[in-house]
Amino acid sequence: MDYFSEKFASVYIPKKELSLDEGTMAWRGRLSFKVYNPNKPDKYGVKFYMLAEGTSGYIYKYDVYCGIGKTTGATVMGLMAPLVNKGYHLYMDNYYNSVSLTEQLREVGVYTCGTLRLQRGAPKDLQQVVKGKMATDTTLYMRKDNTFVIVWKDKRPVSVITNIHNADTTQAQRRKRVSKRDGRTGVEIVKMNKPKAIVDYNKFMKGVDHFDQMVKYYEFARKTHKWTKKITFYFLQMAMHNAYALYNHSSTDTKKLTLLEFHAVGIKALLAWNSEE
């Protein structure tokens, strides 16, 4: 685990936008630190905290949740430790975000953006507004220095905290289901003023989800009674995904290999490898 973590961080410098999220390695056997997460495709398994490039899904660094030890804030600071004071933008969801963590990361030169549970340090006035009625397509915000807490109402209130953006909005579109006079339903395009912070959050928060999607296409882990064997293959799959991300980033091929073709090339290279050469 340490070898792959160090190798991923040493061979590639990620772009400015990073995303932090959880990944799950499926496991239904007996294991003291197995977790249950109903929001993931694999609901039972070993949980990973993953720091990924926001666009390519390259896993730069990761940590395994073992049931005890670090707080959420300490986990985030540990993953970001090699990248402090370099101006990176970190996107996280409300599982991690808080006003205190945002300020702590800003002190070490890391800018953050993400959804926020308002009870984690947001102004009391905004918390009271969200409990009441808000008109659709309304944006409210409060700020302290360069940190903004923004509440935007679409179908329901969405709250974000950011020190990357201000409270500016941009015009966006979404589909809305409407009922016609004849009883049928249709879809119409609705224009709205969406905060730029939410637009960028939706754009750059997909790094770990992209990794989860890619490893499912050609998964080479097999059923086993030993979780150590399963997690070893999971690390290998992670390495293969990162190698493919680097190939797409650096290759000058006119026609690039598909993911399946890249897997075949990697497998043949491993079969031909000779440790004595």
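1. A pocket, as the word is used here, is an open set of grid points with protein on both sides within 12 Å along at least five of seven lines. The model is a predicted one. By that definition the second largest pocket has a volume of about 360 Å³. Its lining consists of Phe 220, Phe 233, Leu 236, Ala 239, Met 240, Ala 243, Phe 262, Gly 266, Ile 267, Ala 269 and Leu 270.

2. Two helices, α7 (227-250) and α8 (259-272), each supply at least two residues of the lining of the second largest pocket. By class, this lining has 10 nonpolar residues, one polar residue and no charged ones.

3. The largest pocket has a volume of about 560 Å³. It is lined by 20 residues, and those closest to its centre are Thr 115, Arg 156, Val 158, Tyr 201 and Asn 202. The elements that give two or more residues to this lining are β9 (157-162) and α5. The largest share, four residues, comes from β9.

4. The lining of the largest pocket divides into eight nonpolar, four polar and eight charged residues. For the second largest pocket, to repeat, the count of charged residues is none.

5. Helix α5 spans residues 196-204, and within it Ala 197, Ile 198, Asp 200, Tyr 201 and Phe 204 are buried. Seen down the axis of α5, these buried residues fall within an arc of 165°, so they line one face of the helix.

6. Met 214, Val 215, Gln 237, Met 240, His 241, Leu 259 and His 263 line the cavity. Elements α6 (207-217), α7 and α8 give two or more residues each to that lining, and α7 gives the most, with three. By class, the cavity lining has four nonpolar residues, three polar residues and no charged ones.

7. The largest nonpolar core has 40 residues. Those with the most contacts inside this core are Phe 48, Met 50, Leu 51, Tyr 62, Leu 90 and Met 238. Which residues does Phe 48 contact, leaving aside its neighbours within four places in sequence? They are Asp 21, Glu 22, Gly 23, Met 25, Tyr 62, Asp 63, Val 64, Ile 231, Tyr 234 and Phe 235. A second, separate core has 13 residues, including Phe 148, Val 160, Ala 197 and Met 205.

8. Pro 82 lies in the loop between α2 (72-80) and β5 (89-92).

Technical notes:
Residues numbered from 1 in each chain as written. Predicted model: local features only at pLDDT ≥ 70, side-chain atom pairs only at ≥ 80, totals over all residues. Heavy atoms only, no water. Buried < 20%, exposed > 50% of the residue type's maximum accessible area, 1.4 Å probe, protein only. Arc of directions from axis to C-beta. Core = buried A, V, L, I, M, F, W, Y, C linked by side-chain atoms within 4.5 Å. Contact = heavy atoms within 4.5 Å. 1 Å grid on protein atoms, 1.4 Å probe; cavity = no way out; pocket = protein on both sides within 12 Å on 5 of 7 lines; lining within 4 Å. Points joined across faces, edges and corners; volume = space filled by probe spheres on them. Nonpolar A, V, L, I, M, F, W, Y, C, P; charged D, E, K, R; others polar.
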